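Let's take a walk through a protein model together. Keep the picture open while you read, and look for each spot as it comes up.

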Amino acid sequence: MALTREENEELTQVERGTPGGELLRRYWHPIAVAAELTPERPKKRVRLLGEDLVIYRHPEGGFGLVREQCLHRGASLYYGFLEDGGIRGPYHGWLCDKTGRCLEQPFEPEQSMLKHAIRLPAYPVEKVRGLLFAYLGPLPAPVIPPWDVFAREDGTHQIEIHPVLNCNWLQMQETNLDPTHNTYLHNKTAYVLGLRSDWKFRPISLDFEVIEWGVMKRRTFGGDAGYKEEGHPAIFPNVLRHSSGSGPIDLHFRVPIDDTHTRTFWLGFDPSPDGSVVEEADDPPYEYIELKDEEGYFHMRSFSSQDSMAWETQGPVRDRSVEHLATGDKGVALWRQLLKENIEKVKRGEDPMGVIRDPHKYQIISFSASK
Amino acid sequence: MALTREENEELTQVERGTPGGELLRRYWHPIAVAAELTPERPKKRVRLLGEDLVIYRHPEGGFGLVREQCLHRGASLYYGFLEDGGIRGPYHGWLCDKTGRCLEQPFEPEQSMLKHAIRLPAYPVEKVRGLLFAYLGPLPAPVIPPWDVFAREDGTHQIEIHPVLNCNWLQMQETNLDPTHNTYLHNKTAYVLGLRSDWKFRPISLDFEVIEWGVMKRRTFGGDAGYKEEGHPAIFPNVLRHSSGSGPIDLHFRVPIDDTHTRTFWLGFDPSPDGSVVEEADDPPYEYIELKDEEGYFHMRSFSSQDSMAWETQGPVRDRSVEHLATGDKGVALWRQLLKENIEKVKRGEDPMGVIRDPHKYQIISFSASK
Amino acid sequence: MALTREENEELTQVERGTPGGELLRRYWHPIAVAAELTPERPKKRVRLLGEDLVIYRHPEGGFGLVREQCLHRGASLYYGFLEDGGIRGPYHGWLCDKTGRCLEQPFEPEQSMLKHAIRLPAYPVEKVRGLLFAYLGPLPAPVIPPWDVFAREDGTHQIEIHPVLNCNWLQMQETNLDPTHNTYLHNKTAYVLGLRSDWKFRPISLDFEVIEWGVMKRRTFGGDAGYKEEGHPAIFPNVLRHSSGSGPIDLHFRVPIDDTHTRTFWLGFDPSPDGSVVEEADDPPYEYIELKDEEGYFHMRSFSSQDSMAWETQGPVRDRSVEHLATGDKGVALWRQLLKENIEKVKRGEDPMGVIRDPHKYQIISFSASK
């Protein structure tokens, strides 16, 4: 069940032109929080799928996302000027709009054709619930799926920005297909640290169902307090939808920065008790999360710290040729299979799983009744 | 007399499967101080011969040393649980004992044969005078030699833990075969820094004798105060035994962390003036040594700082194809020859120099009368 | 007009034996400030053209510049002893003079020929206006050109030491052939930061003339306040001569540390108002310049910070195969052409541009009347 090194590379690489990188380029990914872009500091250097970019809020309105290095001689557009409908290079003043068209080259002759022959890599960016999403794939871009967490107005939203982890995105997402990890990683750890009063091992049987958007998980807990639980769907290719009964629902985006670095953006939705619509600010509150202690060890006092430990200590890119998958890993194996199938789809020029083209097809995407 | 690049690699590489690494894997090496493993913090991440490991003190007694990455999906066992006779993975709870056998896989069917088919890399660890020694080679492990510093009870012991140096172990050990370095590196430096009141050059003639455990050194100082001195044997392959007349004796272990990092563990023995047996605590006192100043330069105010300067500034792995060995380096050349011969022995499946198999053969290994 | 990767390598590499490195080794480069070498701390580790060196002020007078690693077993001569006409190794006391000859090997037999057969890499060093210049090429060394900034006595001198930038020297020097960068990088940036009260775009036409020492630049500003300006010659291969009318003149040396690191040494000359000779201290005042803010971003509040941003953000070695040179870059293209021609000259064994052999040929090298 272990992967060959070649299979592992295909599933984990994120750079443009790699099979995995091309798959990931068919989806929108959050890369910044809109509120981080202020009038005083409207630009931010970001890195996504191995590409160095600058995202900006234009004083004339809207957001832009372009390659950091300018078209001309490569100085950083982070130090550029936002004006005249675009971003102007800080070195010689070439102006490009947010689609990457070069509008002006101040020191070129007026009749020069050069500016029509070149184009700055630039990408669509959309704001949803205070998060800025980017799409780095071939145009036209698909629709950002109207997940219920995005669409619902009967509650409040919050954002968490997690630290960059020094590991590949897939070892993060695999945990989302692996419901048994709760028993030890979260519950036993919390018990040992005195954060919960008891802990008991209960056998679990697992069931996975491939749905339109990814995989739905079902657990049956054995033992004296046996019960069934459905939920926490893994959304293809790199998102977890987490919820607890009628309470909050959150989306955890595992955003690949490059092959060996990933950041979680977390968007939470907290329904109002009575189902009433809540007036929210345009930008939900956001906070930066800490995962480690002063010595650089994971503090293990939160689910996020515990998960991050399990992810990062596997190494920059987990070598899946030496692992020993077991019965409890069948969700992991299923996800890898879905990745392979969808990489093949992209190679054939087809849309992979969950890509939506018709903006009117869905008003809202909810999940099962229980969750 | 300079080495080719290939010869240099063979003598300096420490990874599993390399000729030098296989030679070093026939010996026990200190890797931690037992007193560092407390009930509050009973685990420690260590690195030896290029392998990332976790050493632990089990609450049920004894010490374990295992690969840091768990067998299953590779999370760090540093965050695991010490219980039920072994260490349990923090991610999914697989339990392995200190020999590496997998005892439990909580979410696997009872009849699963998987746990019998796999084994966590695990290594013997022994405590001697407060130091934890590890053996990473083929079993059965040889005997830890009963050096007099280990065995003697007529005095007290102390431990020093030196900082990791960014250099290969061999350039550290070579100094131990090089008695002329005292004149300038230690004595002249101390004189220039005002730490000793005089300094005078005296010619030295050198003599080296291969003994069962390594090489015995003899110096004859010329000039008006000429005298002979024997001592400071170099113990094969990476230890210095240092003594001064009837006073303290110390063992300096140059422990290879990987090809380009080495740490000295130092065990000192201070004989009681009247030769009486001294009641000692189970764990001798230990201290961490500083070698550099705030700017990152070697402070040069101790023998250890002076030696470490000479080692680390040669670079991560000294290129011995460009050096100019001279008459004074004949001990260095002899040691390289011993390394080559013993690498060949290991290749032939024989035990190299100084490996002891019979635990009854030696009660104590002392050195010459004078030392 | 973009370069191939091979062309780019040839122009940017600085190591010994590379075409670019051999060209740069035909010129003197400043590497330290003499006043930094005090009696208490007379040695300094420096790196130039990819070579690790130690520069020292000898207590008996004069300066020396030698390879950091000693001839014998490679310990750092930074920790050596300055005595008996040279620098003595800290490890075994081999003594070399400032030409690299080995004068003593204390533990070798007197009749040994070894010391005559070996030589420590050592280079000429000369002090000019408080700056220490080194020459790393084939002997005999050429003359240090008597630039007016060096030779003039009718004013005062100052030195600036800039931080090491993580980029190749050529992307720094290219700016010196690129007069249009002032409009945006310096003037508009200052305007946006509130450091100047107005800013207006004016078209510029450029003219470049190859002179004996490099390239003279001429700009004609169009628009309502049109005027002509000549000046700021680029001195081959890596120096800018900057001046403003009758005021200060400065030389900006872009000193290659290695392929991806460069430091600017800056020597300024401020003429006395009445042209009278000024008595100066032997060592001009010097200061260390800051380019970045606490977050690690360029603060952009000085010309140096602005230029450094444009240089360093191009990356460690700018990939010139992806750039889009335009009309305004004709000076840049001209400089690359000069580099290629002079690399070829060096390959043929000829002196490249601006190398002076006859110390009597020039008393002072001034530039055009206007500058």
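This is a predicted model: local features need pLDDT of at least 70, side-chain atom pairs count only at pLDDT 80 or more; totals for chains, interfaces and linings use all residues.

Let's begin with an open sheet of three strands in chain B, in the order E2-E3-E4, where the pairing is antiparallel. Strand E2 (43-48) and strand E4 (63-67) of chain B are the edge strands, so called because each pairs on one side only. From one strand to the next, the twist averages 30°. How many bridges join E2(B) to strand E3 of chain B? There are six, and E3(B) covers residues 51-57.

Over all chains, a search of the whole structure turns up 54 aromatic pairs. One of them is Tyr27(B) with Phe236(B), an edge-to-face pair with 6.2 Å from centre to centre and 70° between the planes. Why does this pair tie together parts that are 209 residues apart in sequence? It does so because Tyr27(B) lies in the loop between helix H2 (19-24) and strand E1 (29-33) of chain B, while Phe236(B) lies in the loop between strand E14 (227-235) and strand E15 (239-243) of that chain.

Phe236(B) has another feature: a cis peptide bond joins it to Pro237(B), with omega about 0°. Pro237(B) lies in the loop between E14 and E15 of chain B. Chain C has a cis bond as well, from Leu139(C) to Pro140(C), with omega near 0°.

**Charges over rings**

| Charged residue | Ring | Distance to ring centre |
|---|---|---|
| Arg202(B) | Phe221(B) | 4.8 Å |
| Lys43(C) | Tyr78(C) | 6.0 Å |

**Positive phi without glycine**

Met300(A) is not a glycine, yet its phi is positive, near 65°. You'll find Met300(A) in the loop between strand E18 (286-288) and helix H7 (303-312) of chain A, and it is buried at 6% relative accessible area. Leu49(C) also has a positive phi, about 50°. That residue is in the loop between strand E2 (43-48) and strand E3 (51-57) of chain C, and at 1% relative accessibility it counts as buried.

How values were computed:
Residues are numbered from 1 along each chain as its sequence is written. Chains are lettered from A and ligands numbered from 1 in the order in which they are written. Side-chain values use heavy atoms; hydrogens and water are left out. Two strands pair if DSSP finds at least two bridges between them. Helices (H or I, at least four residues) and strands (E, at least two) are DSSP runs, numbered from the N terminus. Axes are lines fitted to C-alpha atoms, for helices over the stretch in contact, and angles run from 0 to 180 degrees between N-to-C directions. Rings of Phe, Tyr and Trp (its six-membered ring) pair if their centres lie within 6.5 Å; planes under 30 degrees apart count as stacked, over 60 as edge-to-face and the rest as tilted. A charge sits over a ring if NZ of Lys or CZ of Arg is within 6 Å of the ring centre and within 35 degrees of the ring normal. Buried means under 20% relative accessible area, exposed over 50%, partly exposed in between (1.4 Å probe, protein chains only).
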